[in-house]
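Student: I am new to this structure. Could you show me how to read it, one feature at a time?

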Amino acid sequence: MVHSHIDHDLMLLLGGIFGILVIASVIGGILALRYSGERRKATIDNLNARIRSWWMICIICVLAIVVGPVGSVILFAVMSFFALREFITLTPIRCSDHKALFWCFFVFIPAQYVLVGMQWYELFSVFIPVYVLLFLPVRTALLGDTIHFLERTAKIQWGMLITVFAISHAPALLILDIPEYKNQNIKLLLFLMIVVQLSDVLQYVFGKLFGNRPIVPKLSPNKTVEGFVGGIFVSALLRMSLFWVTPFSPWEAGLMSLAITLMGFMGGLCMSAIKRDSGVKDFGGIIAGHGGMLDRIDSLCFAAPIFFHLTRYFYP
């Protein structure tokens, strides 16, 4: 009976997500037919590209859920791989960095997610911030290349922290042992992803419709005060309505969502700062309408570890 109830809730949540995508696709199609102005057309084309990409993302997530926790861990491991690859392409590296990067991509990423899959919290929570971050400069120093050593090492370390360690906290939600919430943690992971992405979308929409005052003009002119306030306020109401898929009460779901949203916004700002410093608009082009993998999960990088530890602390 418990499993059937869980399946029903999960199917209801996924049905709601796909229902929203259907509505968004219809609205996007109508807007594309109605408006032909050059400026509006570019915005609408970008919106429709984002909607198509969301169909792909949601289908992949559903497949991972069907496979189970192992599928979710593998999905996020692949996301980390591509995100780190995009991050490294924007940072100047030398031949002496290649061996350290080999360890990052083919040893440390798999090891981190294996630890998550093994539910070994004591080790996965310190593996990268302690052992990996100490190992990387030593591996590079052994080659004797001291040119911009601190800068190069710090960039690789920060890339591992953000794109691997931080992101791995999303599937780590599946290992939390929450009383009266047994075998339902996949819904907690979906809640995190929905909150992060819904906030991003609503901030984008409100910014396009009403945005006039950029929050940090030199950093991200598209992030406006109107978009931030409107997006967070409207999404807060929607997020509180999803409390039934979590172990939280409505007001707890609202507070958790606020923490996720604020951290996601800060993550987006920091990633924008890196792109501006590198002189690029997007980290990559792997996802149509969204740029690179890191463009899509920049908010999740900051939100996932905060949500994981808040949930673990208050719901041991």
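Student: Which residues do ring pairs link into a cluster?

Tutor: Start with the rule. Rings of Phe, Tyr and Trp (its six-membered ring) pair if their centres lie within 6.5 Å; planes under 30 degrees apart are stacked, over 60 edge-to-face, and the rest tilted. Here, ring pairs join Phe81, Phe82, Phe102, Phe105 and Phe106 into a cluster.

Student: What kind of model is this?

Tutor: It is a predicted model, in which local features need pLDDT of at least 70 and side-chain atom pairs count only at pLDDT 80 or more, while totals for chains, interfaces and linings use all residues. Residues are numbered from 1 along each chain as its sequence is written, and side-chain values use heavy atoms, leaving out hydrogens and water.

Student: How many helices and strands are there in the protein chain?

Tutor: Helices (H or I, at least four residues) and strands (E, at least two) are DSSP runs, numbered from the N terminus. The protein chain has eleven helices and zero strands.

Student: How many aromatic pairs does a search of the whole structure find?

Tutor: The search finds 18 aromatic pairs. One of them is Phe102 with Phe106, a tilted pair at 5.3 Å centre to centre, with 40° between the planes. These two residues are four apart in helix 4 (residues 98–117), so about one helical turn separates them.

Student: Which aromatic pair is stacked?

Tutor: Tyr121 and Phe308 form a stacked pair, 6.0 Å centre to centre, with 25° between the planes. This pair links distant parts of the chain: Tyr121 is in helix 5 (residues 121–141), Phe308 is in helix 11 (residues 293–314), and they are 187 residues apart. Tyr121 is buried, with a relative accessible area of 17%. Phe308 is buried too, at 0%.

Student: Which residue lies over the face of Tyr121?

Tutor: A charge sits over a ring if NZ of Lys or CZ of Arg is within 6 Å of the ring centre and within 35 degrees of the ring normal. For Tyr121 that residue is Arg312, at 3.8 Å from the ring centre.

Student: How much space lies in the second largest pocket?

Tutor: Pockets are found on a 1 Å grid over the protein atoms alone: a pocket is an open set of points where a 1.4 Å probe fits, with protein on both sides within 12 Å along at least five of seven lines, and lining residues have an atom within 4 Å of a point. Grid points are joined across faces, edges and corners, and the volume is the space filled by probe spheres set on the points. The second largest pocket holds about 430 Å³. Of its 20 lining residues, the closest to its centre are Pro69, Gln119, Leu174, Ile175 and Asn185.

Student: Which element gives the largest share of that lining?

Tutor: Helix 3 does, with three residues.

Student: How many disulfides does the count come to?

Tutor: A disulfide is a pair of cysteine sulfur atoms within 2.5 Å. By this rule the count is zero. Cys104 is buried, at 1% relative accessible area. Cys301 is buried as well, at 2%.

Definitions and conventions. Buried means under 20% relative accessible area, exposed over 50%, partly exposed in between (1.4 Å probe, protein chains only).
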